[in-house]
Amino acid sequence: MNSAFLIPQSVAKALEKLENAGHAAYLAGGCVRDLLRGVSPHDYDLTTDALPEETAEVFSAFPVIPTGIKHGTVTVLLDGLPLEITTFRTDGTYSDGRRPDEVRFTRTVEEDLRRRDFTVNAMAWSPLRGLSDPYGGQKDLQNRLLRCVGAPEERFSEDALRILRGARFASCLGFAVEEETERAMLRLTPLLARVSAERISAELLRLLCGQDVERVLLRYRELMAFLLPELRPCFDFDQHTRHHCYDVYTHIVKVVAAVPPEPTLRLAALFHDVAKPSCFVLREGKGHFPNHPELGAEVGATVLRRLRVEKKRIREVCTLIRMHDAYLKRTPAEGAPDLLRALPPALVSPLLDLMEADAKAKADPEGSLAHVNALREAVERLKAQNPCLSLRDLAIDGEALLALGVPSGPEMGKLLRDLFEKVARGELENTRDALTLAVKNR
Ligand code: ATP
Ligand code: MG
């Protein structure tokens, strides 16, 4: 069965070139796992006994980038496709629980596979040499199980990020975590304190976008609370309202799972109600959460800055959190134009997706769901009628005006507003040509 994987020509060519030069070469890691489970890999990593200089030599006719020479990785551009080629290596000892003190190159693929995190990620394959699976990865793949290569406590102590990777693969692949591996994951969670924010957030964002995120966020909520302590007050928090049948955390998790799997939206869902516990007031036996979107956006920003998420994403996540409740109390006809004015175009659809998921995760979804659907229709109608709803949508911008000789400053601001008014009233067409002409004739 393993002799007939379909792999891209350029990948086959790279393996062949290394073999022809007398080296052993395999595909390894995630791509082998994905080929075996019948999913098309998103990239192909090669592993070889050739030293980095030897690899560079084999591919001297192609662009070679010394990506991580110290770790044995070079990137080769073959037919426009970047391929990472890494020398067989062991990771030596870990004294800081983060990265190996030294990387040692080795001669056999089995030794290379031993340093890898989970058995399903510790297989290598080549058309010539077939499958190398010294740790039972194929069997675990069939049983949909994540199991550490070697002793879990040892492997998680070497590099605590593997704990979070376990949850990430559980979410993305829909696999269960084998018992001993899971026990070690839970017991050693605090070791994640040693891992850099960048490495954590990369795995966390992927975890959030997994198909099985609901199960993983519920089952590993202690891991989540370790990374994001701001979520802990939401655990088991009773909302005291007939609109909610779930505690705050379970509601949050349901909303995360119900929005499209895109990092910005999933982060917004994760924090949309995070401030509910701190905003909670009880009036006549009913729970209220005044100002929780605003405060939630602040909490979200604090967390995401700590995780070193890029600024643009933080801004977008916070806008979505702040607005997630804003249009429920107004009629769709009133809300739609305001929504289009208030939001950058790229966030309109995500906000409606977030509102829809939020409605679905309530005790009585019908009413709010109908409201969100009506709002979505009203927004679509408005967009079709008049595509220019804010200065941002004007088919000319400050830069173009500068080029037409308009000095920047108040005069340009006024001109932009005048043009916008005319377009909004239907007196001027919202095209670059029409607007340019209007500026020249002013
Ligand atoms: P994906 O397809 O989602 O990218 P992947 O398995 O390729 O999954 P990567 O993070 O790209 O995941 O890592 C590539 C391979 O390198 C893994 O399959 C695993 O064998 C190994 N690996 C990556 N990170 C670690 C780690 N922290 N500890 C041990 N092995 C690791
Ligand atoms: Mg990968």
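Around ligand 1 stand 16 residues, with Asp-159, Arg-162, Arg-165, Arg-168 and Arg-206 the closest (a residue is near a molecule if one of its heavy atoms lies within 4 Å of it). This is a predicted model, where local features need pLDDT of at least 70 and side-chain atom pairs count only at pLDDT 80 or more, while totals for chains, interfaces and linings use all residues. Residues are numbered from 1 along each chain as its sequence is written, chains are lettered from A and ligands numbered from 1 in the order in which they are written, and side-chain values use heavy atoms, with hydrogens and water left out.

**Ligand 1 and its shell**

- Let's start with the polar contacts, each a pair of N or O atoms within 3.5 Å.
- Arg-206 places a polar side-chain atom 2.6 Å from an oxygen atom of ligand 1.
- Arg-162 has a polar side-chain atom 2.7 Å from a nitrogen atom of ligand 1, and an N or O atom in the side chain of Arg-165 is 2.8 Å from an oxygen atom of the ligand.
- The protein buries 81% of the 590 Å² that ligand 1 exposes when taken alone (accessible areas come from the Shrake-Rupley method with a 1.4 Å probe).
- Two or more residues of the shell come from each of helix H2 (30–36), helix H7 (161–173) and helix H9 (197–208); helices are DSSP runs of H or I with at least four residues, strands are E runs of at least two, and both are numbered from the N terminus.
- H7 gives the largest share of this shell, with four residues.
- By class, the shell holds 11 charged, four polar and one nonpolar residue; Asp, Glu, Lys and Arg count as charged, Ala, Val, Leu, Ile, Met, Phe, Trp, Tyr, Cys and Pro as nonpolar, and the others, Gly among them, as polar.

**The largest pocket**

- Ligand 1 takes up the space of the largest pocket; a molecule sits in a pocket if more than half of its atoms lie within 2 Å of its grid points.
- On a 1 Å grid over the protein atoms alone, a pocket is an open set of points with protein on both sides within 12 Å along at least five of seven lines, a cavity is a set where a 1.4 Å probe fits but cannot get out, and lining residues have an atom within 4 Å of a point.
- The volume of the largest pocket is about 1,400 Å³, a volume being the space filled by probe spheres set on the points.
- Its lining counts 41 residues, and those nearest the centre are Asp-45, Arg-115, Arg-116, Asp-117 and Arg-165.
- H2, strand S2 (45–48), strand S5 (81–87), H7 and H9 give two or more residues each to this lining, and the largest share, seven residues, belongs to H7.
- The lining divides into 20 charged, 12 nonpolar and nine polar residues.

**The second largest pocket**

- This pocket has about 570 Å³ of space.
- Of its 24 lining residues, His-243, Asp-325, Leu-328, Lys-329 and Lys-362 lie nearest the centre.
- Strand S13 (286–288) provides the largest share of the lining, three residues.
- In this lining, 11 residues are polar, nine charged and four nonpolar.

**The cavity**

- One cavity of 30 Å³ or more turns up in a search of the whole structure, and the largest cavity holds about 40 Å³.
- Its lining includes His-324, Leu-328, Met-355 and Lys-362.
- Helix H18 (345–360) and helix H19 (365–385) each supply at least two lining residues, with the largest share, three residues, from H18.

Notes: A polar contact is a pair of N or O atoms within 3.5 Å; within protein, one must be able to donate a hydrogen and the other to accept it, and residues adjacent in sequence count only if both atoms are side-chain atoms.
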